[in-house]
Structures are given as C-alpha cells and as structure tokens.
Amino acid sequence: MRGCFHGALSLMKLYLRQNRFFTLIWLLLPAIWTAINTVSSLVLFPTQEALVEMGVSLIDPLTEAMHGPLLDVSIAGFVTWRTKVFLVMLGGIFSIVYMIRHTRLAEEEGKRGLLGANVAGILAPLAAALANMVIVNALGAALVVVAMTALGLGMVGSLAHCLGFFAAASVVGILAGLAAQFFVSARAARGTSFGLFGLLFSLHILWNVSGRHHAFAYLNPMDWPLLIHPFAGERFYLLLIPLALGGALAALSTWLMARRDVGAGLVPQRSGRAFAGPGLRSLSALAWRVQKGLFLAWFCFYAVLSFMLGWASYLMVNAVSQAAALTELIERLGGMERAFLTLFLYVFGLLISVYVVMAAGVLREEEKNKGETLLSMPVRRERFVLSHMVYIFGGSAAIVAASGFCAGLGATVGTGDQGALARLFFEVAGLIPAIWAVGGIAILLFGVLPKWMTGISYGLLTLFVLMEIFWEQQQIPPELYALSPFSWVTPLKAAQPPYALLALCAAAIALTGAGLAMCHRRDAAL
Amino acid sequence: MSQVKNAAIKISGLTKRFGKTSALSGLDITVPQGSVYGFIGPNGAGKSTTIRILLGLLKKNGGRAELLGGDPWKDAVELHKRLAYAPSEVQLWDGMTGGEVIDFLGRMRGGFSKERRARFIERFYLDPTKKCKTYSKGNRQKVVLISAFVSDVELLILDEPTSGLDPLMEGVFQQCVREASDAGKTVFLSSHILSEVEAVCDQIGVIRAGKVIEEGSMDELKALIQGQTPPTLEALFLNYYKQDTERGE
C-alpha cells in the first residue's frame, strides 16, 4: 500500500507550479474580499448605534435567505455574516475545478497514464491533489485570519469564521474528488460536483427561509460557517463533523481509485448507435444535440424551483423580519407577500441571463472546436449562428416563461389566490426583453471579439449586477444604471417608461443584427 | 502556363496577416485538375492558413485565390458542395458516435451511399458505435477521413491527415488516395511526412515561412533530390533549413 502513494510529494510540487495564476486568485481573493467588507463596514457603521440602526435595516428577506440569521450585532458579527457564503462559494468552486483538473481531466488527457507509467504510485495523483487543495484552502483561510485580526476584529471569532469556511470548501473539494471516480469524462464529473454544490446551496437557502433548525444542517458544508457561531460563543467542537466527514469521503475516493483502471469510471460507458437517426441531417438538429442538455437542465431546474418558491411564498412571509426601511417599497409592490415573491423572482429570473451566456458559449465552443469541420460543409455561417440563436433567445424565453408559469401555479396552489397565476406569469415574462438584450450583447461580441466573448459577457453580467447593488445603495446615479438592461425591468424603480420593453427588444435586435453582420465578415476564429 | 485553364486551385501573391505577424507573404501555387498535390513544409510554415483561406474560413489580405473556378470567400457554400475536407486537429462532438458523425457530415455534404460508407469503415477498421470522446486522435482522424473519402466530390483537401494513424492505417490511407485519384478526383494533401508525399503525390509544392520555395512535378523534384547527399527529400528539406539559418546568422 505504501508504494501506492509513491511520488505524491513530487506531484504536489508539480501541481503547485501549474496554473499559478489560478492558485494565486484562489489564495488571495478570500482575504481581499473580507478586508474590503471589513473596511467598508467600519466606514459605514462608525458607532454601535449606527450599526444597529442601519445594519439591521439592510437585512431584507433575500439577504436573510442567503445568509441566515445575523448572530451578533457588531462589526465582526456583521462581516462574518456577510462574507461567509461568498467565501464558501469561492473556495468550493476553486476546489472543485482544481480537483477535477488534477484527477479526471488529467486522466482523460492521458497525463495520468504518463505519470503512472513512470514515477507515481496509483493513488499518488489523487492524494497530491487532495493535499494541495486542502493546503491552499488552509493558507487562504489563514490569510483571512491575518486580515481580520489586523483590522481589529477578535482573534478567536476570526479563527472560528475561517475554520468554518475552510472546512466547508475542503469538504466540497473532497466531494469533487469522489465524483471524479465515477465518470469517464471530466465534464460529467465537474457537472455532478457543481450540481451537488448547487443542491447543498439550495438546501441552505430553504432551511434559512423556513427559519427552523434542521438536524441535517450539521452535515451541509454551506451551513458550517453559520453553525460554528463566530463571535457569538464559538463552537469549535463542531469541526469534528467536517473532519470525520472529509476523512471518510477522502478514504472512500482513494478506496474507489485503487479498485478501478486508469481512465475507466465506475459508471460504465455504453456503446452508442452505429447509424445516425433519420432526423440528424441539419444544423438545427445538430444544435439541438449540443444544446439540449444545458437547456433541459435549466428549464427543469427553473420550473421545479419556481413552483416551490410560489407554493412556499406564504411560509416565507411569516419567517421574514419586519424591516422598517422596506415598508414603502413593500407597499408599492402590493404587500409583504407580493413584495417578497416579486423581488425573489426578479433576481431569480435575471440569473437566466447566465444561461444565455452559457448557450452563447456553446456556440463559441462549436466554432472553436468544430468550426473547421462544420464550416467546410456547404452551410452559411449565418445559418450556423441562427441554429444556436434558437437557444440563446428562444430557449431563454422558454425558461423565463416556465419560471413565471410555475411560480404562479405554485402560488395559486399554495395560497389559493386565483389571480396569482396570470399576475406572476406576466411579471416574470416581463424580464424576457432584458435577458434578450444580454443575448444581443453576446452575439455582438461573437461577431466582433469571438475569442473574448465568454469572458467579456460574464464580466458585463457581473458589472450589471454590481450596478444594481450600487444603485440600490444610491452610490451611482440612475443615468449610469440605465446602461444596464436590468434597470429597465427592475421592480425596485417606482415606475418604468411605457416604452422600456420595446426599447430593450429593439436594442437586442440591433445588437444581434450587428453581430451577425460582423460574423459574416470576419475570419473564422478557430 | 498551359495548365492554368484546368487548375483546381490557383493561387498567386496570396498574403495573410494575423495582427503584426505575417502568415503568408506572397504565396503562389497551381494545383492541376486530377493531380495529387503534396503541400509540404515545416510546422508553422503556413500550410493550414493557406487551406483555411481556400475553405473560406479566413479572409485573405491580398493576392488572388481561385478554387474550382470560384472565389473561396464569396462562393464558399457552392464550392463546399464540390469538396471534402479533413482537418489536422480533429475535434468531434463528444456525445455523438463515430457512425453518427459520418452520417451527419455525409448528409450535409450530399452524395453519400451506404455501401461506400460500410466499405470505408471496414477498411479503416473503425468501431462506429463508440462515443467520439472516447476515440483516440487516430480514431477521430479516421472518422473525418472516412467521411471525406465516402463523399462523391471533385476535390479532397486533407490537412496532415495521418499524424495520428498507425503504419497499417497509413497504408490504407495511401491506397484510398490513389483510388480517389484514379476516379479523377483532385487531392490536395498537406503533410510534413515526406515519405507519404513521395509515395502518393505527383505534384509538389514546398512552403517555407509563408512562401512557396519550390514547385513542380514529382519528377522535377526527384531531379533536384538527385543533387543532394544523400539523395532523399529529407536531405533537400534540411538544406533549405540550413540555407535559412545561415542567412539568418
């Protein structure tokens, strides 16, 4: 068994030398994020009274669903409360990507075979990846402790906060290492890991909304940073749970690794059909083949979750605290229940623009990887782009419509309010033009800067979200906020101009048209 | 110049830049109809760029390019009905089987028969029921080669199509090229495997740093080779390298 781990140390050094930029961001971002939050909280709440007054008013139902209850009304308590979800997400995502890259992706690309045939024992790559992942997470957490104590927050509470998110991120990484044992393709392993992570996050939100204590929360990494109670009577003994769980999962993945062939998975590969079905004869059929997985996953996810949201909306209202600062807004949106659901569905719906960028990303990948094969066929480039635009525009609209319909249906069933179905459907469907505008931007980028399309699209989406937040906090003028397509559909504005939706549609059409024209003229970006 | 009228490909003074780097700087080649044309040169010489311009994937910056009597950029869709292309770096659809890809590409191109498909799959010894993501590089190349040879077209453009094939399959490939040539098709074969070019081509163009430095029939080139020590295509090739480095110094 000793020989199985041979070379693990050398591999750890090798992995650390690769993707240094990736590791650096993973290492530094938690501390930077926490420092920014601490400094801005210190500026925002100079006195304890200011904190109690303003800080508590900042807590709206959405924030509470995301972060859970605020345990301690102090700068330290506020900072740990505000940062923990982001820190776990960040650490978790980086850990998943890192683990899959050094386990399944390396195997898929044949690097593992190369190593295994030469210097490394059978378990060494997995062990090295796990060890590095835990070390980077630990170092990142240590930097956060340093940053927090340097800024004058208590040592013990900071330590509890950091151990909480360190444990969560590490266990999520270990889960990814386990998922990597099951599937032959890195994509399937990564998808499963992110799916699991998303499920844990959804459970976290659901439990927060329900406001009750669940025994299972002790097993959910997303809940650990809250349960450890930083700055509110730290419960360090809870760390025994992640220790035991992480150890067990890591042992299980090495056990599975030792029992399978390199390159093989535990989920067997099926052999496919020798002949194509009669339908596979056009670009549209091909686009369906490559886009359907993404589309159906989003469609079902949104349909189910929207129904649950609508159905549980009256539950949430009871759990939501009555924040005085929100009363005006709540009244405008038609009462507590409606306000909550409207806001939630707005944010939830806007996230569908991530799907738009992902679907456009599929188009880009198709061009990059298969463009030579595909565009040397007797096909027009515009036809190729159009076959994917069906999903970028039609698919996203279908997901939004399904979300609205299911939320309305859920609300009707849950509350007996007959008018909810039509009201919520049209409310959510009103987001479609804003989401289309994002699609228009993506297509324009595809035409002008294809190699940068995905990066810039995600960058712009983040910018739009930040603009929303800053506008809400009145830190940017409405004229600047108007540049974000979301500003034209936000329910937070007292009134929208009657032409808002038309203008968004026109913008989407103009952007798309320009993108198509540029795409026709440019070199294929392979 | 008597061949110009029935040239499958005619390129003169072709230039292509990517930003500041110049990929092609005044390239001239003529591929007679019905010939097997070997387009040889080291990596990065501009072979793939030339082919991508011929396929209308890239836009030329200057010069003339004519493909089957048409403009490769403007008449791309019409011209693509008359040619088949096998790229060098083959990426296929992960979730589709090799058989599905061959059928799909065949249907898109048209002129595709089940009998020929079965024959080529057997000759290249391909398992068409495997998902593309599990294929090795050689197997992915087989998929696009089969789909190119199966199609009933005038021109085959093959860009380093055998870099992942084993010697046995290399033999099958050469046989298929000869048969295509016998059937009157033009074959444009880009390669840096000199033995392969020697074995199947009757016309040769040698490209180096975006320019054709030697072009002619295989016999003419053989005469040139005879002057080398030892008398091989490799030696001729290495000499060009040597001249270049000497000039560079």
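Predicted model: local features only at pLDDT ≥ 70, side-chain atom pairs only at ≥ 80, totals over all residues.

Colleague: How many bridges join S5(B) to S6(B)?

Modeller: There are four bridges, and the two strands run parallel. As an example of residues facing each other, B:Leu83 stands opposite B:Leu155 in S6(B).

Colleague: I would now like to read a sheet with antiparallel pairing. What is the order of its strands?

Modeller: This open sheet of chain B has three strands in the order S2-S1-S4. Strand S2 (21–32) and strand S4 (62–67) of chain B are its edge strands, each pairing on one side only. Here the twist averages 20° from one strand to the next.

Colleague: How many bridges join S1(B) to S4(B)?

Modeller: Five bridges join them, and these strands run antiparallel. One residue to look for is B:Thr15, whose bridge partner in S4(B) is B:Gly62. Helix H1 (residues 47–54) of chain B packs on this sheet and touches S1, S2 and S4 of chain B. The direction of H1 makes about 115° with that of S1(B).

Colleague: Let us turn to salt bridges. How many does the structure hold over all chains?

Modeller: It holds 14. One salt bridge pairs B:Lys47 with B:Glu160, and their closest N and O atoms are 3.3 Å apart.

Colleague: Which parts of chain B does this pair tie together?

Modeller: B:Lys47 lies in helix H1, while B:Glu160 lies in the loop between strand S6 (155–159) and helix H6 (167–182) of chain B, so the pair ties together parts that are 113 residues apart in sequence.

Colleague: Finally, how is the size of an interface often given?

Modeller: It is often given as the accessible area lost when the parts come together. For chain B and chain A, about 3,400 Å² is buried between them, 59% of it on carbon and sulfur atoms. Within chain B, the residues that lose the most area to chain A are B:Leu57, B:Trp93 and B:Arg107, together 21% of what that side buries. As for contacts, 36 residues of chain B touch 38 residues of chain A.

Colleague: How many salt bridges does the rule find across this interface?

Modeller: The rule finds three. B:Glu100 forms a salt bridge with A:Arg289, and the closest N and O atoms are 3.0 Å apart. Between chain B and chain A, 19 residue pairs are in polar contact.

Colleague: Which element gives the most to the side of chain B that touches chain A?

Modeller: H3(B) gives the most, with eight residues. The residues on this side of chain B divide into 16 nonpolar, eight polar and twelve charged.

Conventions: Residues numbered from 1 in each chain as written. Chains lettered and ligands numbered in written order. Heavy atoms only, no water. Contact = heavy atoms within 4.5 Å. Buried area = accessible area lost by both parts, 1.4 Å probe. Salt bridge = Lys/Arg side-chain N within 4 Å of Asp/Glu carboxyl O. Polar contact = N/O pair within 3.5 Å; in protein donor to acceptor, adjacent residues only side chain to side chain. Nonpolar A, V, L, I, M, F, W, Y, C, P; charged D, E, K, R; others polar. Pairing = 2+ DSSP bridges. Axes fitted to C-alpha atoms, helices over the stretch in contact; angles between N-to-C directions.
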